[in-house]
Structures are given as C-alpha cells and as structure tokens.
There are 2 protein chains.
Amino acid sequence: MEKFQRSKYYSVCLVSSIILNLFFFINLYVGDKWKELSWSHRAAAEAEAVASLSCSGHGRAYLDGLFLDGKPVCECNTCFGGPDCSEFSPGCPADANSGDPLFLEPFWMQHAASSAILVAGWHRMSYIFSDHSYISQELEKHVRKFHAIARNAVTAGRYIVFGSGSTQLLNAAVYALSQENSSSPARVVASIPYYPFYKIQTDYFRSVDFEFQGDTSSWKNTSDVSENVIEFVTSPNNPDGQLKKAVLQGPSVKTIHDHAYYWPHFTAIPTPADEDLMIFTISKLTGHAGSRFGWALIKNEAVYQRMLVYMSMSEMGVSRDTQLRTLKLLKVVLEGEGREIFDFAFKTMRSRWEKLSQTLSMSKRFSIQNIAPQYCTFFQKVRGPSPAFAWLKCEKEEDKDCSTVLRAANIIGREGSMFTADNHYVRLSLLKSQDDFDLLLHRLNKLVSGEDGVKTM
Amino acid sequence: MEKFQRSKYYSVCLVSSIILNLFFFINLYVGDKWKELSWSHRAAAEAEAVASLSCSGHGRAYLDGLFLDGKPVCECNTCFGGPDCSEFSPGCPADANSGDPLFLEPFWMQHAASSAILVAGWHRMSYIFSDHSYISQELEKHVRKFHAIARNAVTAGRYIVFGSGSTQLLNAAVYALSQENSSSPARVVASIPYYPFYKIQTDYFRSVDFEFQGDTSSWKNTSDVSENVIEFVTSPNNPDGQLKKAVLQGPSVKTIHDHAYYWPHFTAIPTPADEDLMIFTISKLTGHAGSRFGWALIKNEAVYQRMLVYMSMSEMGVSRDTQLRTLKLLKVVLEGEGREIFDFAFKTMRSRWEKLSQTLSMSKRFSIQNIAPQYCTFFQKVRGPSPAFAWLKCEKEEDKDCSTVLRAANIIGREGSMFTADNHYVRLSLLKSQDDFDLLLHRLNKLVSGEDGVKTM
C-alpha cells in the first residue's frame with residue numbers, strides 16, 4: 001500500500017513536471033515572444049539595460065551617454081541632479097528659452113515596444129536607394145498618409161524633399177527660389193515678430209542670389225515689387241502662435257510657408273494648408289528635435305528639382321539612419337489614425353496654457369497673447385488655444401526690458417528684440433519637459449502674487 | 001514487485017523531467033541570452049525577420065524596404081534580379097562609376113551581433129546634448145582613439161567638428177576659412193586631376209566670400225599670393241590614389257586636407273597626418289556612405305568655432321541617430337585594435353588591384369596608374385597598392401574619349417574631364433560590391449583578350 005501511494009505520488013509529480021516542461025518549451029521555442037532571436041539579442045539587451053536605470057522621473061540614461069564602471073549614468077532634467085536625478089536645486093532658474101519639445105518624451109516612453117527600432121550593421125550602406133535617389137519611398141508614402149490623417153496639408157500634386165530638419169529646408173528653399181534668372185539678388189522678408197533664424201541663416205550664407213531685407217510690411221505698399229521677393233510665412237507664428245497668411249502678392253513674389261507648428265496639438269486646423277512651398281518637421285510633430293528631420297511639400301517641379309540639388313550639394317541627402325527612424329515613428333503615430341499622439345500632445349499643451357492663463361489673469365503687470373477658439377478639422381470641434389510659446393508682455397511703460405524683469409524672478413525667456421519686436425515682449429517656451437513647465441509656473445505664480453494690488457479671483 | 005518497478009520507472013522519469021525543467025528555466029530566466037527582454041523584443045524580431053530573407057548572396061532586404069503581403073522584398077545588387085536576386089542579366093553594363101563602398105558590406109554581416117543597435121523611441125529627443133553642444137562627447141573620444149590605433153592622424157591639439165558626411169564639412173571649411181576680413185573673395189583651388197565636387201559645391205553656394213578658381217598650378221608661380229587662397233589637398237588623391245602634399249605656401253594660403261581615403265585599406269600610411277584642417281568620413285572607413293557622417297580635425301580655434309557656426313546654420317548639428325550608430329560602428333572596429341576591419345578591407349582591395357593589374361598587364365591599349373609599394377606604419381611593413389579607384393588610360397592617341405571605348409565593351413567609368421583631366425583617362429571604381437567588381441573584371445578581360453597583338457604572359 002505504501003509503495004502504491006508512492007507510485008501515485010510520483011505519477012502526480014511527473015504529470016506536473018511534464019506540464020511545466022511543456023510551458024517552458026512553448027515559451028522558449030514556440031511562443032512569439034522568444035522566437036528565433038539570435039544576433040539581435042545583444043543590442044536589445046543593451047538598450048533595455050540602459051532604459052531600466054531609474055532616474056526618478058527627472059531624467060533618463062542613453063546608450064551613447066556616459067558609463068561608469070560599466071553602468072549607465074542618468075542625464076537629468078534642468079535643475080535636477082544627483083546619481084538618480086532626485087536632487088532639486090532650489091535656486092536654479094526656470095529656463096523657458098529654447099523650443100526643445102521634450103513634452104512628448106513621456107509619450108514615447110509609453111510606446112516603447114512599438115517605437116523601438118533595431119538597426120543592423122549593414123543597414124543601407126549605399127549612397128543611394130534602389131531608385132537611385134536619396135529619399136526613402138516608404139517614408140515619403142507615410143508622410144503623405146500622415147498629412148491626410150492630420151488633415152493639415154494637401155499633398156496631392158506636390159513633390160517631397162527631405163532635409164536635416166526644417167532648418168536646412170528653409171535655406172534650401174531660399175536657394176531654390178532665388179535661382180531664377182534675375183539681375184539683382186532676391187529680397188528675403190518676414191513679418192514682425194519673426195523667428196530670428198530666417199535672418200541669421202540667410203545672412204550667413206551670403207549668396208550673391210539673395211539678401212535678407214527685414215520686415216514684410218515695408219514692402220507691402222511698394223507698388224513696384226518687380227524684383228524677386230521671397231516671403232517667409234510662419235503659421236502658426238513663432239513666437240506668438242497666430243495663424244498667418246502671406247502679405248505680399250504679385251508675379252515676382254514667392255512664399256515659403258513654415259508650418260513647423262501647424263499640427264493639431266499647437267493650433268486649431270481650420271483647413272488643410274494648400275500653398276506652393278510648405279515646410280514641416282518632426283521636431284515639433286513627434287518631438288524628435290535631435291533626429292534633425294524635416295520635409296518640404298512643393299508644387300512647382302523646377303523648384304523641387306532645385307531643392308534636390310541643394311540637398312545633394314549640402315550633404316548628399318538625409319542620413320538613412322534618420323530616415324529609418326522617422327519611418328518607425330510615423331508608423332506609431334499613424335496607428336489609430338493619429339488620435340493617440342494628438343490627444344496626448346493637445347491635452348498637455350492645452351493644460352499648460354490654461355494654467356499659465358489662470359496665473360497671468362491675476363496680474364496687472366503681465367499679459368499674454370489672445371488666441372481665439374476656433375473650429376479644428378482634426379478634432380472636429382471648436383477648441384481653445386494650446387500654443388507652443390507664450391508671447392508675454394510687460395504692460396508697464398517703464399518695463400522696457402521685460403526679460404530683465406523676469407530674470408529678476410529667476411525666469412529665463414527670449415527677449416522680444418530677438419524677434420525684431422519690442423523688448424516689452426518676451427517669448428516663453430511651453431513645450432519643454434514637465435519639470436521645466438512646473439518650475440516656470442511656480443516662479444510666475446510667485447512673481448504675480450507679489451505684485452502690488454494683484455487682482456483677486 | 002510490479003508496482004515497485006512502476007514506482008522506480010516513475011522516479012527516473014521524474015528526475016529526468018526535473019532536470020529538463022531546470023534546463024528550460026535557466027535558458028528562459030537565468031541565462032544571459034534570454035534575460036529580461038521585454039519592450040525591445042518586437043524591434044529585434046522585426047530586424048531578424050528581414051535579415052533572414054535569402055537573397056542568394058546578390059542582395060539583401062531592409063527594414064524600410066518594400067513589403068509584399070507582410071513579407072520583405074529583396075533589393076538586388078546591380079545586374080541581379082528575381083524575387084531572390086538569383087537571376088543575372090547577361091547584357092547588363094559593368095557599372096564602375098560611383099564610389100559606393102559596398103565592398104565592406106560582408107564585414108558587417110559577419111559582425112551582426114556586435115554592430116547592431118537598438119534605438120529606443122525616446123532616444124535623444126532634445127536639440128542638445130547635456131553639455132549644450134550638438135556633438136556626442138563619447139563619439140568624439142572614440143574618433144580620437146581610432147585615429148591613434150589606425151596611426152593615420154594626429155588628434156592631439158585638435159578640435160573636432162562633426163558633419164553630415166565629408167561633403168558638408170568641405171563646404172563648412174570653405175566658409176570658415178574664407179570668413180577672414182578680406183576685400184576680395186577667397187580663391188579656392190585644387191590640383192588636376194581633382195574630385196569634381198570641390199568645384200561644383202563651391203560654385204553652387206555662390207557666396208560673396210569665395211570663388212572656385214580652378215587648378216592650383218596656375219597659382220604656383222604667382223609671386224603675389226597676397227589674396228586669400230584656399231587649397232584643397234586630397235591625399236590619397238581621388239581619382240588616382242597618389243599621396244599628395246600642399247602645393248601653395250605663404251601666409252595667405254590655407255589648406256583643406258581631404259583624407260577620406262587615408263586609411264590602411266586604401267594606402268600605405270607613411271606617417272600620421274598632421275595638418276591644420278583635415279577631413280575624414282565613415283563612408284570610406286566603415287563603408288556606411290548612407291549614414292552621412294564625417295568629421296574634421298582642426299588646429300585653429302577660430303576656424304573651429306566658425307565651422308561649428310556653419311553646422312548650426314546648416315542643420316543644428318548632425319542627427320543624433322547617426323551619431324549613435326557611428327559610435328557603435330567605431331566600437332566594433334576598435335575591438336582588436338582595428339586589425340579585423342583593416343585586414344578584411346586591405347585584403348579585399350589588394351586582391352582586386354592585383355587581379356586588375358594582371359588583366360591590364362596583358363594590354364597594349366590600356367594602362368593604369370603606378371603606385372609604389374611603401375612602408376605602412378599601421379601594418380608595420382612595406383605593402384603594395386590597394387587604391388579605391390583605377391585611373392585607367394587609353395594609350396592610343398586616337399582613343400580621345402576613353403570612356404566611350406569602355407562603354408562599347410559595356411563598362412561604365414567616369415570620364416577624365418570630370419576630374420578636369422584629359423579624356424584619355426577614365427576612373428574605374430574598385431570599392432563597390434564583389435558582384436560589381438567581378439563583372440568589371442570579366443568585361444575588361446574580354447576587352448583586353450580581344451586586342452590585336454595582345455601581350456602574352
């Protein structure tokens with residue numbers, strides 16, 4: 001009887017063990033999760049090891065960052081430090097200067113599996129794609145698809161050129177548009193307040209074919225716009241977030257529409273943009289400013305060909321590594337018809353704007369721009385503003401240097417004169433990390449609540 | 001007794017099963033190979049699926065290539081076709097035109113595990129690195145380390161600027177060197193035969209600060225080189241593989257040393273290059289032309305600062321994705337002190353040159369350049385030539401258009417006039433894929449063996 005018991009006991013154990021064996025076997029060799037990984041495993045494990053480092057939610061480590069004793073080191077958000085970024089520096093300034101779009105970083109951390117990409121050592125070593133171009137056809141297709149979904153631009157009847165960020169495409173467009181036979185250099189203009197880079201870049205390249213000539217409005221009433229003019233139109237505008245139209249008209253006027261911010265998270269999309277030359281960038285769409293990727297939609301074939309030549313002359317096309325990564329990012333944002341990223345990004349930007357507005361509504365000394373609610377064809381409803389930047393004004397006549405007023409409150413903004421505007425204005429960036437925004441809001445609250453005769457709710 | 005037997009039998013099975021369970025458990029959860037992969041698995045599996053497609057050794061599929069019914073499609077080498085690239089097109093020309101460095105592709109396929117990189121969705125989204133620059137300090141360190149190992153350039157006392165390929169850095173250097181206060185534009189020159197891009201690019205940008213002025217030698221005997229002159233020195237030279245020194249001298253002469261080919265696989269390294277401004281590229285080092293990555297070593301701080309400004313104006317620095325990948329590639333080639341890649345690349349290029357030399361030694365109609373064997377500080381021995389290009393000459397006076405002679409034999413080369421040289425010359429690329437080289441050699445053999453009175457061994 002005892003032996004019989006033992007035999008029964010063994011058989012139960014055996015069956016259990018066999019079931020466990022089966023479980024392991026399936027996990028190891030049959031299940032999708034562990035199937036057939038070989039040469040890629042090391043790279044995947046390296047990336048996960050770096051990502052698993054805790055930086056207290058105030059930083060992250062990178063594969064190409066510093067390693068100490070074989071361990072990755074956290075790179076902390078501004079004003080945070082220590083080995084795990086948990087130490088806040090109380091006296092650190094709230095830096096709202098740059099347009100670094102880190103507000104989208106959490107979105108990509110939440111989409112780790114779908115947005116990761118493994119680049120093989122032999123990926124796209126050639127100078128050219130199989131169609132002999134420098135442009136991935138798959139990526140071009142996805143760019144067109146994404147505009148259709150975002151409903152922010154017409155791509156039909158347009159050629160596409162890629163550039164290393166919209167930065168490069170701005171200059172490529174100026175070169176392409178000024179290379180029409182003309183005795184005098186094309187005059188390049190923009191409407192105040194304008195993004196300073198238009199002037200700095202155009203001046204820098206010092207081509208005999210073009211010259212930056214300042215404000216658009218000084219050319220508006222000139223009846224004789226017979227010479228080539230290139231007008232930069234930034235919509236929504238950087239710094240003030242207003243939707244803009246071209247000011248100049250006529251056969252010798254050409255426009256470059258900089259639509260870096262024309263996405264549902266920064267503005268209502270009243271209608272798909274349908275201009276001759278439009279420039280976009282992933283920096284302000286997915287937040288990948290470091291990848292340096294932008295594209296231009298171009299109606300005129302000759303202009304398109306000239307922009308291609310610029311890209312050849314400048315760098316023989318955009319890095320294939322960057323094109324591969326951008327394709328992956330676009331595939332992720334295309335999932336679910338773009339709802340996920342635009343919902344995330346709009347909610348973040350809208351909430352920041354509301355908080356900022358509430359704080360400044362109590363102030364008599366400071367104001368921010370007014371952007372009217374508008375119907376958005378993407379969200380299919382009237383929606384309030386959610387701009388990338390606040391265009392803050394010091395209302396007192398004596399506050400002639402508003403950025404110094406803010407600096408005294410430990411806030412760094414970009415002074416109005418940088419945008420060829422009055423220094424009563426300062427641009428405050430709202431699209432940096434949550435830490436950056438929280439500190440900015442905290443400092444503004446303190447500044448406003450310290451005003452004499454501050455409004456009460 | 002029977003029950004005792006059964007019990008014994010069960011216990012043996014149970015022990016075996018438990019051992020098997022242990023094996024599975026270790027493989028699944030403890031062993032390094034399967035440890036802790038989660039979010040990265042999908043990307044790794046996608047890359048392996050694409051890489052596993054057989055393209056008969058005459059092609060490969062890419063992650064961003066075409067997919068049909070969810071399956072990747074082979075991209076075939078020139079002259080090969082069919083779903084698995086197994087079909088050779090007999091009438092297809094041997095294309096030896098471009099300098100596409102695909103001869104290194106097999107090296108990277110052999111180093112799949114160590115050269116793969118997994119890029120997380122949130123990798124380096126910011127415009128800047130933590131030191132507020134556009135340049136990865138880790139990558140800069142590795143570039144310096146690699147020059148020390150290759151013994152081809154002195155990096156001590158040099159600043160480093162990254163560019164999107166040496167292409168971009170050539171122009172950055174011309175801008176930087178011409179921006180010294182001068183009443184007239186800097187004259188940009190190069191020695192015939194020279195890489196056509198120097199002229200095309202300098203002409204294209206049409207800056208008021210510089211002008212391409214052709215051949216260096218026409219300035220050599222001018223005693224008054226008082227105006228700014230910028231001399232391009234290409235060493236080894238493209239097209240002819242000769243080591244070169246600057247021709248012009250004097251206080252107003254500046255040089256740009258293009259060292260794209262100054263690596264042990266293309267030339268003996270007699271001594272580390274030690275010039276004021278030197279430009280290198282991974283295109284011709286690792287073969288990753290598609291990644292668009294190069295760097296400049298610069299002695300003068302003001303020139304370095306101006307090249308940084310160029311990179312800001314042009315594109316706000318090189319894509320961080322490209323910098324990450326380049327870092328990984330350099331880590332691989334640094335393993336074993338660079339022996340592996342240089343041995344592989346030198347053997348390949350040397351063997352191609354020997355085969356070509358043998359074929360053409362039988363010809364009275366064609367000759368190729370003579371490059372003397374020389375002591376190489378990297379290989380620490382005297383070694384024969386292994387240039388990237390053959391500079392082929394049609395010896396007959398009447399063969400004034402040598403490229404047409406080759407074209408009749410179904411060979412595509414780049415005509416001498418492209419290099420501002422005589423059209424008795426043609427450049428033939430030797431660094432493309434093995435398929436390209438094999439076809440070129442085959443066609444040349446046929447051409448030579450068809451000559452009247454061909455030399456016999």
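I count two strands as paired if DSSP finds at least two bridges between them. Helices (H or I, at least four residues) and strands (E, at least two) are DSSP runs, numbered from the N terminus.

I am working on a predicted model, where local features need pLDDT of at least 70, side-chain atom pairs count only at pLDDT 80 or more, and totals for chains, interfaces and linings use all residues. Residues are numbered from 1 along each chain as its sequence is written, chains are lettered from A and ligands numbered from 1 in the order in which they are written, and side-chain values use heavy atoms, with hydrogens and water left out.

Strand β8 (residues 117-119) of chain A runs antiparallel to strand β8 (residues 117-119) of chain B, and three bridges join them. I found A:V119 opposite B:I117 in β8(B).

**The interface.** Next I looked up the contacts (heavy atoms within 4.5 Å). I find 117 residues of chain B in contact with 117 residues of chain A. The size of an interface is often given as the accessible area lost when the parts come together. For buried area I take the accessible area (1.4 Å probe) that two parts lose on being put together, summed over both. Chains B and A bury about 10500 Å² between them, and 59% of it is on carbon and sulfur atoms. B:W122, B:M125 and B:Y204 supply 8% of the area that chain B buries against chain A, more than any other three residues.

I then checked polar contacts (a pair of N or O atoms within 3.5 Å; within protein, one must be able to donate a hydrogen and the other to accept it, and residues adjacent in sequence count only if both atoms are side-chain atoms). The rule finds 58 residue pairs in polar contact across the interface of chain B and chain A, both at pLDDT 80 or more. Helix α1 (residues 2-30) of chain B gives the largest share of the side of chain B that touches chain A, 18 residues.

**Salt bridges between chains.** My rule is a side-chain nitrogen of Lys or Arg within 4 Å of a carboxyl oxygen of Asp or Glu. The interface of chain B and chain A holds 12 salt bridges by this rule. One joins the side chains of B:R206 and A:D209 at 2.7 Å, N to O. I also noted a network of salt bridges that links A:R42, A:E46, B:K328 and B:E335.

**Salt bridges within a chain.** Over all chains the count is 36 salt bridges. I class residues as buried (under 20% relative accessible area), exposed (over 50%) or partly exposed (in between), with a 1.4 Å probe and protein chains only.

- A:K299 pairs with A:D276, closest N and O atoms 3.7 Å apart. The two residues are 23 residues apart. A:K299 is partly exposed at 40%, and A:D276 is partly exposed at 46%.
- A:D399 pairs with A:R365 at 2.9 Å. They sit 34 residues apart. A:D399 is buried at 8%, whereas A:R365 is partly exposed at 21%.
- B:R158 pairs with B:D274 at 2.9 Å. They sit 116 residues apart. B:R158 is buried at 6%, whereas B:D274 is partly exposed at 43%.

**One last residue.** I looked up A:E138 in helix α5 (residues 137-150) of chain A. A:E138 is buried, at 15%. Leaving out residues up to four places away in sequence, A:E138 touches A:L327, B:D64, B:G65 and B:L66.
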